[in-house]
Amino acid sequence: MNELFGAIMEIKSKTEATNFFRDLLTLPELIEFANRWQIVKRLVAGEPYLEISKKLKALEVGFAPNAVRVAYLSVPPQVFAVIAKQLSAGGVHEDAASHNSHFRYIVEKPVGSDAKSAEAIWVSLLQSFKQ
């Protein structure tokens, strides 16, 4: 992954970035990547998850009563705590419980860059989502 990040750091213009990512990703992958980026920007900026949670509620109408709401965290280690706090503040896990649904968060490995950073991430997740 270091090689990939190094290549990204070498991009010098929007045109180069466009060409790089179009070569790297399929169009559906690029769209999904762009959508994830929009959510990450909002959460890192401290915007409450409440607006996203409202959209989820609207989408969940008609789902089975025991549906599972999932937060898939495939983000850089430095934003885990911010995102977890915003998800928790938005009540995403409580909303799921109030509709007889379940909430799960999935953390993509590797978690952190070493044992210390991995532990900090797990602590922030556990503090945000008490079981």
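Three phenylalanines, Phe 20, Phe 21 and Phe 33, are joined into a cluster by ring pairs. The model shown here is predicted. Let us walk through the cluster.

Rings count as a pair if their centres lie within 6.5 Å. By this rule, there are two aromatic pairs. One of them joins Phe 20 and Phe 21, with ring centres 5.1 Å apart. Their planes stand at 85 degrees to each other. An angle over 60 degrees counts as edge-to-face, and the pair of Phe 20 and Phe 21 is of that kind.

Phe 21 also pairs with Phe 33. Now look at where the two rings come from. Phe 21 sits in helix H2, residues 14-24, while Phe 33 belongs to helix H3, residues 27-44. The pair therefore ties together parts that lie twelve residues apart in sequence.

Move on to helix H5, which covers residues 80-89. Which of its residues are buried? They are Phe 80, Ile 83, Ala 84, Gln 86, Leu 87 and Ser 88. After H5 comes Gly 91. The phi angle of Gly 91 is positive, near 75 degrees.

Terms used: Residues numbered from 1 in each chain as written. Predicted model: local features only at pLDDT ≥ 70, side-chain atom pairs only at ≥ 80, totals over all residues. Heavy atoms only, no water. Phe/Tyr/Trp six-rings, centres within 6.5 Å; stacked < 30°, edge-to-face > 60°. Helix = DSSP H or I, 4+ residues; strand = E, 2+ residues; numbered from the N terminus. Buried < 20%, exposed > 50% of the residue type's maximum accessible area, 1.4 Å probe, protein only.
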